[in-house]
Amino acid sequence: MATHPRLELRNLDRSFDGRAVVKDVSLSILPGQVTCLLGPSGCGKSTTLRLIAGVDRQDAGEIYVDQQLISGRSIHTPPERRSIGFMFQDFALFPHLRVGENVAFGIKGSKNQKRAKAEYLLEKVGLEKLIDKYPYALSGGEQQRVALVRALALKPKIMLMDEPFSGLDNRLRDEIRDDTLDILKSEKTAVLLVTHDPEEAMRMADEIALMRHGKIVQKGAPYNVYNTPLDREAMAFFSDLNAINSRVEGSLADTSFGQFFAPGYKDGTEVKIAFRPQHVRIDFDRNGKGPNPTASQGVAASGQVIRSRFMGSDSLVEFKMHYDGSVLKATVPYVFLPQPGRKLWLTIPRDRCFIFAR
């Protein structure tokens, strides 16, 4: 039996003072699915959330919840009737209300019924003993959990989250966002998370929608978006890049690492071959004997160490390549700190390289 989208956006447009901020955005999210809108500041992510929430109205396009039109040319459902919850970076707890009163805010029923509901929800995040505390007495992580259960109290079909974890330290952030996702998925809530942090998107999302200049330029599962980037800019958004320049001749691009097939590019096209530092391999077995190409690794190229730094879980080594003087970075597991000036041979897996027009 097919599952219909909980949230569906169709061709949303929004402009301010003649400047297009959201352009032809279409997206669908299933119950229990987490989708991340990922992109740099100013790309239209938060505006898209405002349109879905109903606090702003699109110039064109339609928004559906459970296949029911809630915003379009002839209809605009008020925010309070959209069955949409919100979580934001500042938590937005009422400072004059106790924790239980914050959670119960908006719930219908008697005072005792509201308190019982608040206590039940707080038990889900292990905070039932703080029900009579004020927000100022809570840590940042505790405030975040209270904000979550307050949003869940009204049983929203959709949860909109605008960088809600950015104010927490790294260790606490991992724990709380994992707990948050577990609860949201158990409630079959469709989640749309806005972030500019690719690591957070990769960790949380079932699907990533990469935004740029108001448009969704690529979407898919995290693995696919990371490993099959649309272009060099999309690839660079997720990690540092190495890029070497070349020119296409006879569908081949010549580099210090050998020739790369460049189908689809005309002769004379200037291209960049891009690859990530973690995919650079140091060929310790070569021991200065010179190139020895293999099918998967291609030709080895020599470089001179410029500097090396230990980064915690791995080491970052920078090389000046002998072939063309370009600078490349390699990340090596654990501790590897070669002295500046040392000559080493490098290879790169062909299936981890991408060719883009310059």
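Reader: How many residues does the largest nonpolar core have, and which of them have the most contacts inside it?

Author: Start with the general idea: in soluble globular proteins, nonpolar side chains tend to be buried together. Keep in mind that this is a predicted model. Here the largest nonpolar core has 44 residues, and those with the most contacts inside it are Leu122, Val146, Met159 and Met161. Helix 4, residues 140–152, gives the most to this core, with 6 residues.

Reader: Let me pick Met159. Which residues is Met159 in contact with, leaving aside its neighbours within four places in sequence?

Author: Quite a list. Met159 is in contact with Gly85, Phe86 and Met87, then with Ala151 and Leu152, and also with Leu184, Thr189, Ala190, Val191 and Leu192, once neighbours within four places in sequence are left aside.

Reader: In which sense do strand 3 and strand 9 pair?

Author: Strand 3 (residues 34–38) and strand 9 (residues 207–212) are parallel, with 4 bridges between them. To find your place, look for Cys36, which stands opposite Ile208 in strand 9.

Reader: What about the open sheet of 4 strands: what are its order and pairing?

Author: That one reads 2-1-4-5, with antiparallel pairing. The twist averages 30 degrees from one strand to the next. Strand 4 (residues 60–65) and strand 5 run antiparallel and are joined by 3 bridges; Tyr64 has Leu69 as its bridge partner in strand 5.

Reader: Which strands does helix 1 lie across?

Author: Helix 1 (residues 45–53) lies across strand 1 (7–16), strand 2 and strand 4, and runs at about 115 degrees to strand 1.

Reader: On to the rings. How many aromatic pairs does a search of the whole structure find?

Author: The search finds 6. A pair of aromatic rings is described by the distance of the centres and the angle of the planes. Take Tyr226 and Phe238: they lie 5.9 Å centre to centre with 80 degrees between the planes, an edge-to-face pair. This pair links distant parts of the chain, 12 residues apart, with Tyr226 in helix 7 (residues 222–227) and Phe238 in helix 8 (residues 232–238).

Reader: Why is the pair of Phe237 and Phe238 edge-to-face?

Author: Because their planes are at 80 degrees, with the ring centres 6.3 Å apart; the cut-off for edge-to-face is over 60. Ring pairs link Tyr226, Phe237 and Phe238 into a cluster.

Reader: Is Tyr226 buried or exposed?

Author: Tyr226 has 16% relative accessibility, so it counts as buried. Phe238, at 11%, is buried too, whereas Phe237 counts as partly exposed at 23%.

Reader: Which charged end sits over the ring of Tyr226?

Author: That of Arg276, 3.7 Å from the ring centre. Elsewhere, the charged end of Arg350 sits over the ring of Phe260, 4.0 Å from its centre.

Key: Residues numbered from 1 in each chain as written. Predicted model: local features only at pLDDT ≥ 70, side-chain atom pairs only at ≥ 80, totals over all residues. Heavy atoms only, no water. Core = buried A, V, L, I, M, F, W, Y, C linked by side-chain atoms within 4.5 Å. Buried < 20%, exposed > 50% of the residue type's maximum accessible area, 1.4 Å probe, protein only. Helix = DSSP H or I, 4+ residues; strand = E, 2+ residues; numbered from the N terminus. Contact = heavy atoms within 4.5 Å. Phe/Tyr/Trp six-rings, centres within 6.5 Å; stacked < 30°, edge-to-face > 60°. Lys NZ or Arg CZ within 6 Å of the ring centre and 35° of its normal. Pairing = 2+ DSSP bridges. Axes fitted to C-alpha atoms, helices over the stretch in contact; angles between N-to-C directions.
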